[in-house]
Amino acid sequence: MLGLIVNPVAGVGGPAGLAGSDGADVQRLARERGARSRADERASAALAVVAASHPNARVLTVAGAMGEHAVRAAGLEPVVVAQSGEPTSAADTAAAARALAAAGATLVLFAGGDGTARDVATGLALAGRAAPPEATRIETPGDEVEGLDTLAGARYSTGEASVDRVARSAYRDLEGGGLDTLAGARYSTGEASVDRVARSVYRDLEGGGLDTLAGARCSTGEVAALGIPAGVKMYSPAFAVSPSAAGALAAAWLTEGSLPTQLREVLDVDEAALRRARVEPRLYGMLRVPDRPGRTQARKSATSAGEHAAVRAAAHGAADRMERGIRYLLGPGGTMAELARELGVAKTPLGVDVVLDGELVLAGASEQQLLDEVRRGPAKAVVSIIGGQGFLLGRGNQQLSARVVGELGADPLLVVAPEQKLIDLGGRPLLVDTGDRDVDAGLAGFIRVVTGPASTSLYPVHAPEHEGEGHAP
Amino acid sequence: MSLPVAPKPALRRFHQARWDEPIIFELSTPGERGVLVTPVEPGVRAAVGDVVGDLPDGLRRSAPPALPELGQMRVLKHYLRLSQENLGADLNVDVGQGTCTMKYAPKVNDQLIATPDLTALHPLQDPDDAQGVLEIIWQTERMLAEISGMDRVSLHTQGGSAAIWANIAMIRAFHEANGEGAQRREVITTIFSHPSNAAAAKAAGYEVITLHPDPDGYPDLAALRAALSPRTAAIMVTNPEDTGIYNPAITEWVDAAHAVGALASYDQANANGILGITRARDAGFDVCHFNIHKTFGTPHGSGGPGTGANAVSEALAPFLPGPRVEREGDRFVVREAGERSIGSVGPFFGVVPNIVRAYAWIMALGAEGLRAVAETAVLNNNYLMTKVLEIPGASAPYATGRRRIEQVRYSWQELFEETGITSEEIGVRASDFGMHYWTSHHPYVVPQPFTLEPTESYSMAELDEYAAVLAEIAREAREEPETVRSAPHRQTVHHTHHDDLDDPERWAITWRAYRRKYFGAGAVGGAGSGDAAADEVAA
């Protein structure tokens, strides 16, 4: 069954020139500038494609502007299983995703941008867990605490206003970083307050702390999700190319019962930084995204079922190249998770882990721990391409800092990715941004990307921070 | 007054035959026979004894093969019905299988190869009794040497990928003979070269480095220079690439490879647009291959065995496959493969009927005719490109505004973004108009791709018809997308599930494998049935 969530404020910041729409203040400012969201009409355009082939389809959705209106506009019957506040908030989206999954949605369509994708990932991650305690709504904070809404789960659990306040100050100290930065901080800074925040925030996640939540966000269960592009920022490869394309996939999903899916990264940028003309997407979690079904008659080719095989092949090719006696620092992402599976080690989904001679020697390492490891002997960082922008370093894996990479020697990186990830860059180069001019310059040029056993692609790498050229799409 | 013969509509109201024909194994009736073999005469039986009993156990079946049992007429109807459920090159405007060069294979040449003069020959026959066909093989090799500029040619391989394999096998043998086999472990190709180059190199044990195009879609010379090293065994490239774009720096590519001691191998699958215009050797290549079944007017592998031609410089000649036909004075002799040859890559002399067809095709055209083939193919392609690019939603990524050689890899990305209709769906719908259509090799580098190669064989009216079909489907995608999405409507079968073809647990390329995988091991009749080898491949 299909589910639909519309973020009714998605995209308002774009036309208003605000580089995003996160946060109540920005949304208010956008409205003052005359902006309006097109998320509702884009959602109904997608559903109109579904309606053409499945006129009697019922769509699980949220009351009012968060989906019900769009379902009706497409001529389909809404089944309202969640309510929303007014104005709507990030927590509403997460709660809605959780409710849709609980009501039996197998594919959740969401109209919005990266922020919406984050909230959907949060909701679906929590979907498999115990029902939330009576939710205590916490007002959506101002945009100086971007990233806090990734902790939406916390809002259902504690209801402590102080958590929000403490988290805000903790995040400010950490320069607005996301979950992985906070995780890193917990290991590196020794600030009791951060640890305390984390503990209280994640108390309901069976006491497992940050790692548990990170894990939860990466195992979204069986529920798939697909973005209907309607936001300002869409760095996450979880969106269809157009509303019609999303609708066609959803229709195929209903026709076939389901489709093959792929775990794709959920990325978002720090909008406050973006407004300062810095593009810093971070990895927030994973969504299970449907692939297009293979329907070609002329063969000579693999199909979508081949996509997962391509990831496995790339991982296999990387494993072939790993030598004994070398410490491999495995970065985050789906391809790295596959490599870990290939190696038989339990990897932290969003962290950097150290593998030596086929054994996991350090999980969720901080920058300082990585430096300590690297100084024990020969080492190499194993990284994949994070999201659609093509970053190898500096996004989502900041623990692999300039200092760490600088210690790795002349050939510091083993880059692993299926060929399709390079193709999806559309000819744009791979990017590195460790913040260190010399380290970045040393990586620029052409780099070998392992795409399979005995297969590499040679691909250009740029260091945009030092070339005066941005690569925002 | 209405005409007795109504004018035909602009678009063909095609409908494919649908016979609901069972699999031939399902038609089997125990005891039914097509031919009743005459029993061996008692005198003969007494003279030769128990022939089967004398065979070693390992050569004898323990049980008869599970073959279908049918009368002749039923077999005839079975295959005629299947043939009507096909959309072959002799029926449709077959420009939609770009890279495959689907052109007219003259039927007169089929008559030529059907003569007893050829069919009664045996490859082990005394060469003195087969001088005519040996001369044809030798002459065809010499003509292909002239066309490519190379010194020596072999016609042994039975397909394009087999020829590419022979190319890398000779390259490997060359480096090993020079003591550099262990050092040169890498082969460089481009992502728009035919993927068999990467596949053959990997099969030969090489590490393959793939280069992506530069922003204009041309092969990236800077990337090549970064990839080349003393570890490079060869570059293996197609030119023009599958985009139809000719590498303007091809000489620099070859020179750069030679500068590090690597060889340069030219995949000429796309040679139909360059016959008589450019030659592999003139760009410095050491080795190249032709797909005879693409470029020289013989049927494709799917419609009869294909034929590959390997053409090499003198330095690589000792490594050619054998046996070889050579001329001694006014006679033609057969020489076994030499000491440094890569050996046999197929039985005897290759697919001789195709060699005879190609010989006749080349001789009928002559040098001027070959060049006219290329010029017409290029003209047709650029005409069709103009027609296709007039269709809203279609585009030809890369080298914008430039001419292409013999084919174009187009994109429906704009139409897809507007309507959600994919290139695959358009291809399925095209079959409702009696047209074949193909997308691209995987992975899709050009989004929502389709690849058209009109060759010299098609008239302007046929190209107009093909473009009109595409335009109509694009209109449908906008105005009645369900018609496209639910296609085909006029075909033998509806959709097939690709996962059944991709999953080793589910794919079944023999009846035996189908029975075993879907009905359990007990459902497989006739132990030792003849498709065990194919079954192994499937496994």
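Biologist: What should I know about the model before we start?

Modeller: This is a predicted model, where local features need pLDDT of at least 70, side-chain atom pairs count only at pLDDT 80 or more, and totals for chains, interfaces and linings use all residues. Residues are numbered from 1 along each chain as its sequence is written, while chains are lettered from A and ligands numbered from 1 in the order in which they are written.

Biologist: Why is Thr101(B) called buried?

Modeller: A residue is buried if 20 or more other C-beta atoms lie within 10 Å of its own, exposed if 12 or fewer, and partly exposed in between, with C-beta atoms placed from the backbone. Thr101(B) has 27 other C-beta atoms within 10 Å, so Thr101(B) is buried.

Biologist: Where is Thr101(B) placed, and what does Thr101(B) touch?

Modeller: Thr101(B) sits in the loop between helix H3 (72-84) and helix H4 (107-113) of chain B. Helices (H or I, at least four residues) and strands (E, at least two) are DSSP runs, numbered from the N terminus. Leaving out residues up to four places away in sequence, Thr101(B) touches Asn272(B), Lys294(B), Thr295(B), Glu453(B) and Thr455(B). Contact is set by C-beta atoms, placed from the backbone, within 7 Å.

Biologist: What makes chain B as compact as a globular protein of that length?

Modeller: Start with its parts: chain B has 19 helices and eleven strands. Its radius of gyration is 26 Å, close to the 24 Å that the globule rule gives for 539 residues, so chain B is as compact as a globular protein of that length. The radius is taken over C-alpha atoms, and the rule is 2.2 Å times the number of residues to the power 0.38. Of the 539 residues, 45% count as buried.

Biologist: What is the largest nonpolar core, and how do you know where it lies?

Modeller: A nonpolar core is a set of buried Ala, Val, Leu, Ile, Met, Phe, Trp, Tyr and Cys residues joined through C-beta atoms within 7 Å. The largest has 249 residues, and those with the most contacts inside it include Val108(A), Ala225(A) and Met170(B). Helix H12 (residues 352-389) of chain B gives the largest share, 16 residues. Domain 1 (2-290) and domain 2 (305-466) of chain A both give residues to this core, so it lies between them. Those bounds come from an automatic or database domain assignment.

Biologist: How many residues of chain A are in contact with chain B?

Modeller: 34 residues of chain A are in contact with 38 residues of chain B. On the chain A side, S16(A) gives the most, with five residues. By class, that side has 14 nonpolar, 16 polar and four charged residues. Here Ala, Val, Leu, Ile, Met, Phe, Trp, Tyr, Cys and Pro count as nonpolar, Asp, Glu, Lys and Arg as charged, and the others, Gly among them, as polar.

Biologist: How do you know that S16(A) pairs with a strand of chain B?

Modeller: Two strands pair if DSSP finds at least two bridges between them. Four bridges join S16(A) to strand S3 (residues 207-211) of chain B, and the two run parallel. Thr456(A) has Ile209(B) as its bridge partner.

Biologist: What makes strand S13 (residues 413-416) of chain A covered on both faces?

Modeller: Leu413(A) and Val415(A) on one side and Leu414(A) and Val416(A) on the other are all buried. Three bridges join S13(A) to strand S11 (residues 379-383) of chain A, running parallel. S13(A) also pairs with S15(A) in the parallel sense, over two bridges. There, Val415(A) stands opposite Val449(A).

Terms used:
Contact = placed C-beta atoms within 7 Å.
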